[in-house]
Amino acid sequence: MMRFEAPDTEAMEAFGRELGTVLRAGDVVVLTGPLGAGKTTLTRGIGAGLGIRGPVQSPTFVLARTHPSLVGGAPLVHVDAYRLGSSALLDDLDLDFDRSVVVVEWGAGLVEDVTDSWLEIVIERPTGASAVVARAADAAGEESIDGDADLDAALDADEPRVVTATGYGPRWADTPYAARA
C-alpha cells in the first residue's frame with residue numbers, strides 16, 4: 001500500500017504518468033473518490049504514461065471510452081461505473097480486460113468478479129470542496145445544484161488530495177502497492 005499527498009492537480013497527473021509506465025495489458029485500476037476528487041485527472045496522467053491517443057475525458061455519459069496506444073502498447077479503457085449497479089453490468093460492457101489497461105471510476109465492489117488482481121486508488125479531498133459541496137446540497141434540498149457557481153468553483157479548486165493506492169491479487173503482490181496483511 002502506498003499513501004501520499006498530492007498537493008495539486010499537476011502532482012495528481014504526474015502520479016498517473018508514473019503509474020502508467022508500469023501498467024500493462026490485463027491491469028485493472030479502480031478509482032474511488034468524491035465528485036471532483038481528481039479521478040479523471042489521474043486517468044489523464046495514466047494515459048500519458050501509457051502513450052495513448054487522447055484527450056482523456058470523463059466517460060460519464062458513454063460509460064466507457066477506449067484510447068488506442070500510439071506506441072504499440074496496450075490501449076486504455078476508461079470506464080465510469082457510477083450508474084452500474086453490479087459486476088454483471090460491468091461485464092456486459094464487453095470490455096477487453098485481457099488486452100487493455102482498464103481504469104474504472106466508481107468501480108469499488110464491481111471488479112472483483114471480473115479479475116483476480118486490481119489496483120484500488122482512493123482519493124480524498126480533505127478540505128474546501130467537500131464542505132462547499134455539502135453546503136450546496138443542503139441549500140438546494142430537492143433542487144438540482146448543477147448550476148451552482150460555488151459548487152463549480154469548489155470542484156475546480158486546486159487543493160491537496162490524499163491518495164492511497166492498494167494492490168490486490170497476484171499481479172500486485174510483489175510491488176510497493178501490495179495490500180498489507
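Reader: Which element is Thr41 found in?

Author: Helices here are DSSP runs of H or I with at least four residues, strands are E runs of at least two, and both are numbered from the N terminus. Thr41 is found in helix H2. A quick note on the source: this is a predicted model, where local features need pLDDT of at least 70, side-chain atom pairs count only at pLDDT 80 or more, and totals for chains, interfaces and linings use all residues. Residues are numbered from 1 along each chain as its sequence is written, and side-chain values use heavy atoms, with hydrogens and water left out.

Reader: Is Thr41 buried or exposed?

Author: Buried means under 20% relative accessible area, exposed over 50%, and partly exposed in between (1.4 Å probe, protein chains only). Thr41 counts as buried because its relative accessibility is 17%.

Reader: Which residues does Thr41 touch?

Author: A contact means heavy atoms within 4.5 Å. Leaving aside residues up to four places away in sequence, Thr41 touches Thr9, Met12 and Glu13.

Reader: Let's turn to H1, then. How many residues does helix H1 have, and what span does it reach?

Author: For the expected span of a helix, take 1.5 Å times one less than its number of residues. H1 runs over residues 9-20, so 12 residues, and reaches 16 Å from first C-alpha to last, close to the 16 Å expected.

Reader: Which residues of H1 are buried?

Author: Met12, Phe15, Gly16, Leu19 and Gly20 are. Looking down the axis of H1, these buried residues fall within an arc of 135°, so they line one face of the helix. The arc is taken from the directions from the helix axis to the C-beta atoms. On the face turned away from the buried side of H1 you'll find the exposed residues Glu10 and Glu18.

Reader: What covers the buried residues of H1?

Author: The cover includes strand S1 (2-6), helix H2 (39-50), strand S6 (118-124) and strand S7 (161-168).

Reader: And which residue caps the N-terminal end of H1?

Author: The idea to keep in mind is the polar contact: a pair of N or O atoms within 3.5 Å, where within protein one must be able to donate a hydrogen and the other to accept it, and residues adjacent in sequence count only if both atoms are side-chain atoms. Asp8 is the cap, with a side-chain oxygen 3.3 Å from the backbone nitrogen of Glu10.

Reader: How many salt bridges does a search of the whole structure find?

Author: A salt bridge is a side-chain nitrogen of Lys or Arg within 4 Å of a carboxyl oxygen of Asp or Glu. The search finds 4. One of them joins the side chains of Asp27 and Arg171, at 2.8 Å from N to O. Asp27 sits in the loop between H1 and strand S2 (28-32) and Arg171 in the segment after S7, so the pair ties together parts 144 residues apart in sequence. Asp27 counts as buried at 4% relative accessibility, and Arg171 counts as buried at 17%.

Reader: What about Asp96, which residue does it form a salt bridge with?

Author: Asp96 pairs with Arg99, the closest N and O atoms being 2.9 Å apart. Asp96 is partly exposed, at 29% relative accessible area, while Arg99 is exposed, at 61%.

Reader: Zooming out, how many helices and strands are in the protein chain?

Author: There are 5 helices and 7 strands, running β-α-β-α-β-β-α-β-β-α-α-β from the N terminus on. Buried residues make up 44% of the 181 residues in the chain.
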